[in-house]
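Hi,

Here is the structure we talked about. Please open it first, then read the notes below.

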Amino acid sequence: MSVALRKDVQFALPGEPDELSTKDFEVVASLVHEASGIQLNDRKRGLVKSRLQKRLRTLQLSSFAEYVAYVQSSEGHDELEELICAISTNVTSFDREPHHFEHFRGQVLPGLIEKLKRGQSVRLWSAGCSNGSEAYTLAFSVIEAFPDVSRADFLILATDIDKYSLAAGQQGIYSEDLVSKLSSKTIQNGFEAVEGGYQVSERVRSLVRFKYLNLMEPWPLRRNYEVIFCRNVLIYFSQERQTTLFSQFADRLVPGGHFYIGHSERVIGPANSRFSSIGLTTYQLEDERRRV
Ligand SMILES: C[S@@+](CC[C@H](N)C(=O)[O-])C[C@H]1O[C@@H](n2cnc3c(N)ncnc32)[C@H](O)[C@@H]1O
C-alpha cells in the first residue's frame, strides 16, 4: 500500500513493492508494445509503476519482478490482457473536441440522413471508444436530427482493447458530473436517472454496438464506414504503426467518407495523399473512383 501525500508525491510503506527496475520496466514496455501498439518510454515508468500496484495487490504478489515473471509464464497468460487494461489511458468525455461534432452535425449528417431515408445503410465507427462517450455523443446527434433513425439501417460500432471500458460503455451509466457536459435537452431525452448516475436510454443504446477490437490485430469488419472517429488513440503508437494504421483506416472508409482524429494527431504516410484535410484534424477520403 502507498500513502498519497499530494497527487504527485508518494512514499513506500514497509512491504510495498517499491522498485520497478529498468529491466522489468523494459519487459513490461515491450509486452505492451507488442500486444497493443502502445509505446512506453522511460518517462512513463512512474505511471506504469502506479498502475501496476493494483494488479500486484489483486494477485497478492510482493514485487514487480514476480509480476513480470508471472505475466510471461503460461499460467499468467490472461494477465497480458489485464496489463493492457491497466496501462491504457482511457480519458474521454461527452462532446470532447466539440468542433468535430459540430462539423459532423452540420456538414456530414444531413447527407447521411438522406441516404437512410432512401433505404440505404449507414455505419459509423468509434475506434478506441473508451467508455463510449464519443459513440453516444454521435448517437445523440443522429437521434436528435432524425428521431426515426431506429427504423433505418443505422449502427455505430464502438471498439476498444480494454474490456472494462467496453463493459462501462455497454452499461451506459455515467455520473452527473460527466453527463453535465451535454445540453439539458440531450440529458432529458437521452438518459434515465438510475442509482449511481444517469443511464443512456435504451433507445439510444440500441444504436451502438460495443465490440473488442485490437487495432494491432486483423480487423474483423464486414463493411466500410461512412464516418470513422479514431481520436487520441494513435498518439500512443510509434510513427511507423501510425503510418500503417492511417492507410488501414483509409481502406475502411467509403469513398468520400469522413475521418476525425485527435487534437494533437495528424495523418502521416501514404494515406495523406488519399485524404483531403477539410478542417481541424478532420479529413475526407477522396472518391478514388473519380480518378479513373
Ligand atoms: C484516450 S482514449 C480515447 C477515447 C476517445 N476516442 C476520445 O478521444 O475521447 C484511448 C483509447 O484507446 C484504446 N486503445 C489503446 N490501444 C488500443 C488498441 N491497440 N486497439 C484498440 N484500442 C486501443 C484505449 O484502451 C483507450 O480506451
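**Where the domains meet**

In this predicted model, 6 residues of domain 1 are in contact with 11 residues of domain 2. Contact means that the C-beta atoms of two residues, placed from the backbone, lie within 7 Å. The side of domain 1 that touches domain 2 has 3 nonpolar, 3 polar and no charged residues. Here Ala, Val, Leu, Ile, Met, Phe, Trp, Tyr, Cys and Pro count as nonpolar; Asp, Glu, Lys and Arg count as charged; the others, Gly among them, count as polar. Domain 1 covers 2–87 and domain 2 covers 98–291. These bounds come from an automatic or database domain assignment. Over C-alpha atoms, the domain centres are 31 Å apart.

Two notes on reading the model. Residue numbers start from 1 along each chain, as its sequence is written. The model is predicted, so local features need pLDDT of at least 70 and side-chain atom pairs count only at pLDDT 80 or more, while totals for chains, interfaces and linings use all residues.

Helices (H or I, at least four residues) and strands (E, at least two) are DSSP runs, numbered from the N terminus. Two strands pair if DSSP finds at least two bridges between them.

Why is strand 4 described as largely enclosed by the rest of the structure? Because 6 of its 7 residues, in the run 154–160, are buried. A residue is buried if 20 or more other C-beta atoms lie within 10 Å of its own, exposed if 12 or fewer, and partly exposed in between, with C-beta atoms placed from the backbone.

Arg123 stands opposite Leu155 in strand 4. From strand 3 the chain passes through helix 6 (residues 133–145) to strand 4, in a right-handed β-α-β crossover. Right-handed means that, with the strands pointing away from the viewer, the path from the first strand over the helix to the second runs clockwise.

Strand 4 also pairs with strand 8 (residues 208–212), in the parallel sense, over 5 bridges. There, Thr159 stands opposite Lys211 in strand 8.

An open sheet of 3 strands has the order 5-7-6, with antiparallel pairing. Strand 5 (173–174) and strand 6 (191–194) are the edges, each pairing on one side only. Strand 5 meets strand 7 (residues 197–200) over 2 antiparallel bridges. Tyr174 stands opposite Tyr198 in strand 7.

**Two residues to look at**

Glu134 sits in helix 6. Is Glu134 buried or exposed? Glu134 has 29 C-beta neighbours inside 10 Å, so it counts as buried. Leaving aside neighbours within four places in sequence, its contacts are Thr92, Arg96, Ser126, Cys129, Phe229 and Arg231. Gly169 lies 35 residues from Glu134 along the chain, and their C-alpha atoms are 9.9 Å apart.

Val27 is in helix 1 (residues 22–36). Val27 counts as partly exposed because it has 18 C-beta neighbours inside 10 Å. Val27 and Gln53 are 26 residues apart along the chain, with 16 Å between their C-alpha atoms.

Best wishes
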